[in-house]
Each structure stands twice: as C-alpha cells, then as structure tokens.
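Open the model in your viewer and keep the selection panel at hand. The stops below go from domains to ligand.

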Amino acid sequence: MNPEIIVIGGGISGLSAANYLKEAGFNPIVLEAQPKVGGRTSTDRSLGIAFDEGASWIHGPVNNPITLLAKKAGMETFVTEDDNQKVYDIDGLAYPDEKLEQEENALHEILENFKGDKGKSFGEVIYQEYPHLRQDRLWTFMLSAYLEFDEGSDIFKLASMNFQHDKAFKFDGEDVIISNGYDKLAKYLATGLDIHLSTQVKGIDYSEKKVSVHTTSGSYTADKVLITVPLGVLKKGIIKFSPDLPPQTQKAIHSLEMGTVNKFLLIWDEVFWENELQYLGFTPEEKGKFNYFLNVKKFSEIRALMTFAFGDYAYTTEQMTDQEIIDEIMSHLKAIYGDDTPDPTHMLRTRWKQNPYSLGSYSHATVDSGIEAFKIFEEPIDNKLFFAGEHTISEFVATVHGAYLSGIREVKKMIGMV
Ligand SMILES: Cc1cc2nc3c(=O)[nH]c(=O)nc-3n(C[C@H](O)[C@H](O)[C@H](O)COP(=O)(O)OP(=O)(O)OC[C@H]3O[C@@H](n4cnc5c(N)ncnc54)[C@H](O)[C@@H]3O)c2cc1C
C-alpha cells in the first residue's frame, strides 16, 4: 500500500510535490494556512488589474520548467529588457548612457572577481576595498536595485562569501514578466488536489511510527510529511516539533535569513514618463529607497509604475502610512518630471515582513551561515520529515522555479525513486 503523505503549504513547492505524487498514484493531502493557494505567488486583483505582490518574473525562461507550466496555465509573458532604462540623479538630470554602461561594467567586474571575507558582510567588504564608492549615489543605486533586489537582503546583512549564488539562480534567456497574474500558476497546479485551506499547522509529532500533524482545524496522521512552509515561519517557531528538530537543521534555520523586498504599484490617469523605457532608476542618498521603477504600461493597458523598497529600507516602509509612501515616491518623480507631476489615483503595496505566512520575501545566506546551510534541508529526518521550498535549494534559491524543483526533488525521495 502507498504511504500516506501530507504536504504542508500550498505554495509552488507544495503544489508541485502534491501534483507529482498524484500523477504517481498517491493521494496526498495539502494543508494550507491561508484561504487560498499560491503563497508568495500572490496576485492582488482588488482594483480589477493584476498586481503581483510576490513573484513577477520567470528568471531565465529557456529550459525553465515554469515556462511550459505558465503556458498551460494561460499566463502571458513579456521580455523586460534590463538595459532599456534611464537613471536619474537627485537634480533630475539623467546619467549619460556611457557613464551608466561604464559603471555597470565595473560592477560586474567587481562581482565576478569578488573575494569575500568570512564573518563579514558584502557591504563591509566592498566599502573596505573601495571606500570612495560609499559616497557615490550611482553605486548605492546599483548595489541596491540590482544586488539587494536579487538577493532580497540588505548588503550589510548578506554574506560576503556566499552572495554570488545568484549567478546560478537563473536559467538562460532574458527574464520575462507575467502580465496577467502569477496566481494562475498555483491555480493550475492545484487542480484536482485534495487541499485543506485555512488549516494552519501548529505542531508536528514524529516520535511514533506515524507522524501526527496538529492544525487549527484538527489533527491528521501520515507516514511521511513534506514541510514547505517558508524559512520565516520555521524561524519564528510557529510549528512546534516533537521531538525537536536535529541540531544541524535548527542551526540552518537560525543562521539563514529571510530578507524583505516590498513592492508598490502606482496608477495614474495619464502617462507622464518616457513610455518607451522599461525601467527608470533614481539615485537618492538613502539606499533601497524607491530607486527603481518598472514601467507597467510597457506590457499592459495600465498606466502604472511599480517601485520597490530594498534592504533595510524595506522594513522602514512597513511602518509608513500610504500617504507617507506616496509623498516619498512623488518627491523622487517630481525631481525628475517637475513639481506639477500629479499624485497617483491609486496605490497598492506589500508588507512582506509582517505577512504571518512567510515573515519576509525570500531567503539568503548570512555572515553566520554558509551556502551549505541550504543543503541541510535536503536531508530527510527519520525518513518521515522532508523539506522543500525556495530556502532548500541552494542553486535556485529565492525563485519560483527553485520552489517548484525542490518539491519534485523531495517527492522522489519520499516515494523511493532516488
Ligand atoms: C516580493 C517578492 C518578489 C519575488 N519575485 C520573484 C520573481 O520575480 N521571480 C521568481 O522566480 N521568484 C520571485 N520571488 C520568490 C518566489 O515567489 C518564491 O521563491 C516562491 O514563490 C516560494 O515558494 P514556496 O513554495 O517555497 O513558498 P511559499 O510560496 O511561501 O509557500 C508556502 C506556503 O505555506 C503556507 N504556510 C505558512 N505557514 C503555514 C502553516 N503553519 N501551516 C500551513 N501552511 C502554512 C503559506 O501560506 C504558503 O502558501 C519573489 C518573492 C517575493 C516575496
């Protein structure tokens, strides 16, 4: 008889695992805390448009498993050209294209040859070696809008030894953005599965032959359990394990970190920016502060810009009111387009650090952890507990395809295919 399997979490990793199991003839139960599936692929449709609060892009669509699934799920994609951008300084003047290209090349060169220092953050090491860059607003912008965005971490929290893992996190090809909502992927993967929504797991007892899973809607038992809740949920101890997880697993949970990137969608009646551009950059003194704007009109009918808060500034924004956020963003846009630039008619925003179902955006290695810490999650515990999710796959950490592939990786172990 097939073992009974419970999958905890109905994000992309849990759904990919449950799907694979179902196709292999198993009947897994998925326990999901929220009243909807998808986790960090979440689309706010409250204004009748698709605002992706979490993932937006397929990073490297060539041979990426999400590309085919996206097609099947009816998702529309658009190539966002990274180079199609203009970057403005605080006086509203654009950096010349040659200057931008030259500094970007210098950044790539530095990242290619970067020698980390154990126990030191990326920020500490780069400014130690190149102290003059600290006062350079264009570099502050690049290290934030490019590196902090990819890594989800403040450069002063990111491990200098391990930050380079993002080099491999992509498949090939230019990134494509989903224009009609990433939530379609989870809905597609969830079709036909036995999913118990609004069922938050509070405890897992694996001391007996069968594993007991205690939830806000009663208890379940199974032979094997796949845990796909985000690193932030594991760190907060929301699920009590009995017995405690092995020391190396606990250490990995504590030493890795969950970073935060917040997204802000601003909508206007008319476009006032250069509509042919894909991205606008702005170089304020403060790192991580509304420095990067995605032109949404380029791939949809919506006259909107999406901007971001990176690094520690992402946490700051979570304490700010909507009006404070709009005022800060508008001060940047007014510096570029003039004082009579109108306020947006609507704004949608995220607060990922406060989201109780993830407690952050995506995971990264810290000065206390090596990249090996991600690998600890690949070790099953007593052949009963297994882990999947973006934080368990070092080569594709922090991505949708990583989450998807980690689910399949664990299922193969659970059913004895590897
Ligand atoms: C702002 C942001 C931007 C991003 N941009 C991109 C991008 O452009 N491209 C890309 O590839 N990736 C991106 N990512 C990363 C990507 O979204 C994630 O890596 C991926 O969706 C994670 O999937 P997962 O299954 O590991 O976790 P999740 O999607 O978080 O799924 C875990 C599930 O567990 C549930 N859960 C939590 N606690 C419990 C509990 N106690 N009991 C039961 N269920 C529980 C949650 O509700 C959730 O549904 C982004 C993420 C964020 C936040």
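What follows is a list of selections, with what each one contains.

This is a predicted model, in which local features need pLDDT of at least 70 and side-chain atom pairs count only at pLDDT 80 or more, while totals for chains, interfaces and linings use all residues. Residues are numbered from 1 along each chain as its sequence is written.

**Domains.** Select 5-40 + 52-75 + 181-257 + 359-414 for domain 1 of the protein chain, then 85-176 + 259-354 for domain 2. These bounds come from an automatic or database domain assignment. Taken over C-alpha atoms, the centres of domain 1 and domain 2 are separated by 29 Å.

**Domain contact.** Next, select the contact between them, to which domain 1 gives 28 residues and domain 2 gives 27 residues. Two residues are in contact if their C-beta atoms, placed from the backbone, lie within 7 Å. On the side of domain 1 that touches domain 2, strand S5 (57-58) and strand S21 (362-364) are the elements giving two or more residues. Helices (H or I, at least four residues) and strands (E, at least two) are DSSP runs, numbered from the N terminus. Colour that side of domain 1 by class: 12 residues are nonpolar, 13 polar and 3 charged. Ala, Val, Leu, Ile, Met, Phe, Trp, Tyr, Cys and Pro count as nonpolar, Asp, Glu, Lys and Arg as charged, and the others, Gly among them, as polar.

**Ligand shell.** Now select the 40 residues around the ligand, of which Gly9, Gly11, Gly39, Gly389 and Glu390 come nearest. A residue is near a molecule if its C-beta atom, placed from the backbone, lies within 6 Å of it. Helix H1 (12-23) and helix H12 (400-414) each supply at least two residues of this shell, and H1 gives the most, with 3 residues. By class, the shell has 19 nonpolar, 17 polar and 4 charged residues. Domain 1 and domain 2 each contribute at least three residues to the shell.
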